[in-house]
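Work through the following exercises with the sequence and the coordinates open. Each task is followed by a stepwise solution.

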Amino acid sequence: QVQLQESGGGLVKPGGSLRLSCAASGSIFSIHNMGWDRQAPGKQRELVARVSARGYPTYADSVKGRFTISRDFAENTLYLLMDNLKPEDSAVYYCRNLGLGIWGQGTQVTVSS
């Protein structure tokens, strides 16, 4: 059974940085595209970043140039480095295995002064 567990969320001031981590159990982490979704209150969940099985990233326009997605195949871990955070980045962030269509439980990110 594949499980995803996020960590690294918290409260940060505008302009600050956070790094989210997603530990993936199971042996098929390396063959699937992975991504990070977020959902703010009253808004639809959106995919903000994805990385292919070969490590090629793509980003939503809203985070391009500020967020960096990466994956560590040896550690079965997905990362999201978020720089220059804005209040509108506040949301619950979910790790997603795009191939299997499963999500973790999410981690809260709040950007506020």
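**Exercise 1: Asp 89**

The side chain of Asp 89 has a polar atom 2.8 Å from the backbone nitrogen of Lys 86, a polar contact (a pair of N or O atoms within 3.5 Å; within protein, one must be able to donate a hydrogen and the other to accept it, and residues adjacent in sequence count only if both atoms are side-chain atoms). The model is predicted: local features need pLDDT of at least 70, side-chain atom pairs count only at pLDDT 80 or more, and totals for chains, interfaces and linings use all residues. Residues are numbered from 1 along each chain as its sequence is written, and side-chain values use heavy atoms, with hydrogens and water left out.

Task: State where Asp 89 is found, and whether Asp 89 is buried or exposed.

Step 1. Asp 89 belongs to the loop between S8 and S9; strands (E, at least two residues) are DSSP runs numbered from the N terminus.

Step 2. Asp 89 counts as buried because its relative accessibility is 0%. Buried means under 20% relative accessible area, exposed over 50%, partly exposed in between (1.4 Å probe, protein chains only).

Step 3. Beyond four places in sequence, Asp 89 is in contact (heavy atoms within 4.5 Å) with Arg 38, Arg 66, Phe 67, Asn 84, Val 109 and Val 111.

**Exercise 2: Ser 90**

Task: Find which backbone atoms the side chain of Ser 90 reaches.

Step 1. Ser 90 is placed in the loop between S8 and S9 and is buried, at 19% relative accessible area.

Step 2. Its side chain reaches the backbone oxygen of Pro 87 at 2.9 Å. A polar atom of the Ser 90 side chain also lies 2.8 Å from the backbone nitrogen of Val 111.

Step 3. Outside four places in sequence, the contacts of Ser 90 are Ala 40, Val 109, Thr 110 and Val 111.

Key. Helix = DSSP H or I, 4+ residues; strand = E, 2+ residues; numbered from the N terminus.
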